[in-house]
Amino acid sequence: MEYTEITTFGALKNANYTSRHIKEELRQNLIAKIKKGETVFEGVHGYEDTVIPELERAILSKHNINLLGLRGQAKTRLARLMVNLLDEYIPVVAGSEINDDPFEPISRYAIEQLEQLGDATPITWLHRSERFAEKLATPNVTVADLIGDVDPIKAANLKLNYADDRVIHFGMIPRANRCIFVINELPDLQARIQVALFNILQEGDIQIRGFKLRLPLDIQFIFTANPEDYTNRGSIVTPLKDRIGSQILTHYPTSVAIAKRITDQEAGLESAQKEQIYVPELARDLLEQISFEARESDFIDAKSGVSTRMGITAFQNLLSAAELRLLRTGDQSTTVRLSDFMGIIPAITGKVELVYEGEQEGAATVAIQLIESAVKTLFNTLFPKVEKLERENQRYPYDEIVRWFSESDDGIHLSDEANDADYQAQLELVQPLQQLLTQYQPDTKPEDIYFLSEFLLWGLTLNNKLSKYRSGNGSQFEDNFHGYLRDKI
């Protein structure tokens, strides 16, 4: 018979069910998963050698945990994934407000039920998905919210005076008994509220309006916080920090490859976008490189961080820019272009916090500079370095492309809304482009050629070999002399 079919305490004892405290549950189930070679924290990338081993050590040590890191570093996701380390079901005294274990009841209600009914005490089963509670710390959170308060309505209905502990209405923490309880952004919690957590973490008793109840709550606490030097709204008080067993530092992806895996997993693209829009691998690299450039930018507050959500929302905007063009041209499919990256500017401006100099530049200008910085960084990994000083009568890799533009009257215009045929025709006009790509990127896929061609033109403009400016609804590429004359006019 399945344990979950048992409905009374007596039957549960006869079935030789063994009750475990939550930290022991997590520890034993983690050990079992590691021995089986199973992935413990599915869907979290880039932490395999850093954060996850530290988290596993904390669980094995039965510690309460503080995850410390900047925004967008999967702190809450890690906490939620710990639910998978809980037993699938646990028995609870039926009707208990605080998930009393029938073997170790702590509430007055459960103790009285077991005294009166004994083995006939009814039990219910609580699934692990219901054993996760979460509270976002805000300055207006009260002790009553977290721990509890006297309920005058309950006192009136039960005709009890305020000296009776049955008038207590339990808060979120007691109701999360035998559960994982997460407090997000812990420094935002007022100091007096943090103080109220001391005894719960250490001694297990709670105090509500003069009632001092000995409730040895069985809770796995997980806290998340931004570094204190950024969170100017508050800090974690030292005695509370002292009672948290392990503090684990999270971090951003350390490579473009990891960032791409995260974006792929989280983007949630529509099936039509996946089927109709081709994304060159270089476009994916460029998209993620923008976040890396942002984290090093002097215009962006490094203390606030640049969330991995920026890459995710930027990818969604990038695909939507290509999809919008597809709808207007009536084509059946298209490929992402470098000009589509202008469509991700709203995703960037909404995700970065600018310093004073950045505010002076303007959010949109900073976003464009980040895109251009990413292009320049990747350009130097794919093509020969552009020499700042060139010797006379010496040949350089980009001479033929520069000569083509100098001999051209108008250069080329890449319209944002041109269909694929017109877009490709414009790039094919610059014949030296293909020759240079064949020489330095011979293994390029045929479907990636045009994106790489436009990328090469952008790289040359950023290295002052060509001129580019926005014209109407597209980009005009021309030689520097024509660009100089246009600026003067």
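Visitor: What radius of gyration does the protein chain have, and what would a compact globule of 489 residues have?
Guide: The protein chain has 31 Å, while a compact globule of 489 residues would be near 23 Å. That radius is taken over C-alpha atoms, and the globule rule is 2.2 Å times the number of residues to the power 0.38. Keep in mind this is a predicted model: local features need pLDDT of at least 70, side-chain atom pairs count only at pLDDT 80 or more, and totals for chains, interfaces and linings use all residues. Residues are numbered from 1 along each chain as its sequence is written, and side-chain values use heavy atoms, with hydrogens and water left out.

Visitor: What box do the C-alpha atoms fill?
Guide: Roughly 100 × 50 × 40 Å, taken along the principal axes.

Visitor: OK, and how many helices and strands?
Guide: The protein chain has 23 helices and 16 strands. These are DSSP runs numbered from the N terminus: helices are H or I with at least four residues, strands are E with at least two.

Visitor: How much of the chain is buried?
Guide: Buried residues are 49% of the 489. Buried means under 20% relative accessible area, with a 1.4 Å probe and protein chains only.

Visitor: Switching to rings. How many aromatic pairs turn up?
Guide: Searching the whole structure gives 10 aromatic pairs. Rings of Phe, Tyr and Trp (its six-membered ring) pair if their centres lie within 6.5 Å; planes under 30 degrees apart are stacked, over 60 edge-to-face, and the rest tilted. F379 and F383 make a tilted pair, 5.4 Å centre to centre with 40° between the planes.

Visitor: Are those two buried or exposed?
Guide: F379 is buried at 0% relative accessible area, and F383 is buried too, at 4% relative accessibility.

Visitor: What about F379 and F455?
Guide: F379 also forms a tilted pair with F455, at 6.4 Å centre to centre and 35° between the planes. F379 lies in helix α18 (residues 363-382) and F455 in helix α22 (residues 449-462), so the pair ties together parts 76 residues apart in sequence. F455 is buried as well, with a relative accessible area of 0%.

Visitor: Which rings link into a cluster?
Guide: Ring pairs join F9, Y17, F103 and W125 into a cluster.

Visitor: And where do the charged ends of R284 and R295 sit?
Guide: R284 has its charged end over the ring of F315, 4.5 Å from the centre. For R295, the charged end is over the ring of Y252, 4.1 Å from the centre. The test is NZ of Lys or CZ of Arg within 6 Å of the ring centre and within 35 degrees of the ring normal.

How values were computed
Buried < 20%, exposed > 50% of the residue type's maximum accessible area, 1.4 Å probe, protein only.
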